[in-house]
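Please read them with the structure open.

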Amino acid sequence: PDTAAERGFPASSDLRVMPNPFSDALTVAFDLETPSRVQVVLADLTGRFVFFEKDNWLEAGPQSLVWNTEDLPGCAYLVGLKVEGKAWTYRTVMLMR
């Protein structure tokens, strides 16, 4: 199985998530210097992917993705970003119910 824990996300400052904590929706934002292949995930703390956006080709510039999370239980999650196959960037977020 392909899980967040197996990927070993390294910390970085390239990824912004807001609001944090959040309740019904989470915005994931990042900037791309050039058009790039991007993967974005939301994983629970056991490493199970809750949402997985794989291999999206995005143009250069500011990017954002909004996830509706009203069906998820309240707890901490990892948001991960991978650009052009480079190391994962992650942020920890808290879903409040």
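1. F52 is partly exposed, at a relative accessible area of 31%. The classes used here are buried for under 20% relative accessible area, exposed for over 50% and partly exposed in between, with a 1.4 Å probe and protein chains only. F49 falls in the buried class because its relative accessibility is 15%. This is a predicted model, in which local features need pLDDT of at least 70 and side-chain atom pairs count only at pLDDT 80 or more, while totals for chains, interfaces and linings use all residues. Residues are numbered from 1 along each chain as its sequence is written, and side-chain values use heavy atoms, with hydrogens and water left out.

2. How many aromatic pairs does the structure hold? There are two. Rings of Phe, Tyr and Trp (its six-membered ring) pair if their centres lie within 6.5 Å; planes under 30 degrees apart count as stacked, over 60 as edge-to-face and the rest as tilted. F49 and F52 make a stacked pair, with 5.0 Å from centre to centre and 25 degrees between the planes. The pair of F51 and W67 is also stacked, at 5.4 Å centre to centre and 15 degrees between the planes. Distant parts of the chain are linked by this pair, F51 being in strand β4 and W67 in strand β5, 16 residues apart. Strands (E, at least two residues) and helices (H or I, at least four) are DSSP runs, numbered from the N terminus. F51 is partly exposed, with a relative accessible area of 25%, whereas W67 is buried at 4% relative accessibility.

3. An open sheet is formed by four strands in the order β4-β3-β6-β7, with antiparallel pairing. Its edge strands, β4 (49-58) and β7 (89-94), each pair on one side only. Two strands pair if DSSP finds at least two bridges between them. Neighbouring strands of the sheet are turned against each other by 15 degrees on average, direction ignored. For that angle, axes are lines fitted to C-alpha atoms (for helices over the stretch in contact), and angles run from 0 to 180 degrees between N-to-C directions.

4. Seven bridges connect β3 (residues 36-44) with β6 (residues 76-83) in the antiparallel sense. Within that pairing, V41 has G80 in β6 as its bridge partner. β6 is also joined to β7 by six bridges, again antiparallel, and L78 stands opposite T92 in β7. β6 and β7 form a hairpin with five residues between them, and E84 in the turn has a positive phi of about 50 degrees.

5. Which residues have the most contacts inside the largest nonpolar core? They are L26, V28, F30 and V79, in a core of 17 residues. A nonpolar core is a set of buried Ala, Val, Leu, Ile, Met, Phe, Trp, Tyr and Cys residues joined through side-chain atoms within 4.5 Å. β2 (25-32), β3 and β6 each give two or more residues to this core, and β2 provides the largest share, four residues. Leaving aside neighbours within four places in sequence, L26 is in contact (heavy atoms within 4.5 Å) with residues including V17, L42, W67, V79 and V93.

6. P62 lies in strand β5 (residues 61-68) and counts as exposed because its relative accessibility is 69%. Beyond neighbours within four places in sequence, P62 is in contact with F30 and D31. The C-alpha atoms of P62 and F30 are separated by 6.0 Å, although the two residues are 32 residues apart along the chain.
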